[in-house]
Amino acid sequence: MPETELQNQKSAAGRTVASEDCSFKAEMKSDQLVRMVPYKGGDANHGHSCVKGRFAFRYATHKDRIKEPMIRDSINDPWQVVSWEEAVEFSAQKLIRAASTC
């Protein structure tokens with residue numbers, strides 16, 4: 001896509017994947033996000049991106065990305081797709097159990 005098509009579609013966006021809080025520009029074509037680029041005026045990254053910032057967009061838009069919560073009791077068990085409520089409850093119980101053994 002030519003840069004001229006994207007020129008009027010840029011907006012600043014923050015990234016909170018890592019603690020640095022880098023600034024990026026979201027480049028849009030109509031209502032579709034097509035690219036994330038480092039924002040040169042960002043206080044944390046000064047126009048550069050770390051590895052997470054550089055590749056996170058590809059992870060988030062990959063066709064094989066897992067979009068539902070999944071749980072399993074053991075590494076030997078298969079993953080099970082569950083509701084968010086069940087995943088939170090499962091995690092809470094595991095944390096309670098782990099805290100009680102300390």
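**Basis of the model.** The model is predicted: local features need pLDDT of at least 70, side-chain atom pairs count only at pLDDT 80 or more, and totals for chains, interfaces and linings use all residues. Residues are numbered from 1 along each chain as its sequence is written, and side-chain values use heavy atoms, with hydrogens and water left out.

**Whole chain, coloured by confidence.** The pLDDT, the predictor's confidence in each residue from 0 to 100, has a mean of 76 over the chain, and 71% of the residues reach 70 or more. Select residues 1-19 next: the pLDDT there is below 50, and the stretch has 38 contacts in the model beyond near neighbours in sequence, a contact being heavy atoms within 4.5 Å. Where pLDDT is low, the predicted coordinates should not be read in detail.

**Whole chain, as a cartoon.** There are 3 helices and 5 strands, taken as DSSP runs numbered from the N terminus (helices H or I, at least four residues; strands E, at least two). Their order from the N terminus is α-β-β-β-α-β-β-α.

**Whole chain, as a surface.** The accessible surface is about 8,000 Å², with 54% belonging to carbon and sulfur atoms; areas come from the Shrake-Rupley method with a 1.4 Å probe. Of the 102 residues, 18% count as buried. Buried means under 20% relative accessible area, exposed over 50%, and partly exposed in between (1.4 Å probe, protein chains only).

Then move to the turn: the hairpin has 2 residues between its strands, and S30 takes a positive phi near 60°.

**K94 and D73.** The structure holds 2 salt bridges, each a side-chain nitrogen of Lys or Arg within 4 Å of a carboxyl oxygen of Asp or Glu. One of them joins K94 and D73, at 3.7 Å from N to O. This pair links distant parts of the chain, 21 residues apart: K94 lies in helix α3 (residues 84-100), D73 in the loop between β4 (70-71) and β5 (80-81). K94 is partly exposed at 31% relative accessibility, whereas D73 is exposed at 57%.

**K63 and D64.** K63 forms a salt bridge with D64, with the closest N and O atoms 3.4 Å apart. Both K63 and D64 are exposed.

Definitions and conventions: Two strands pair if DSSP finds at least two bridges between them.
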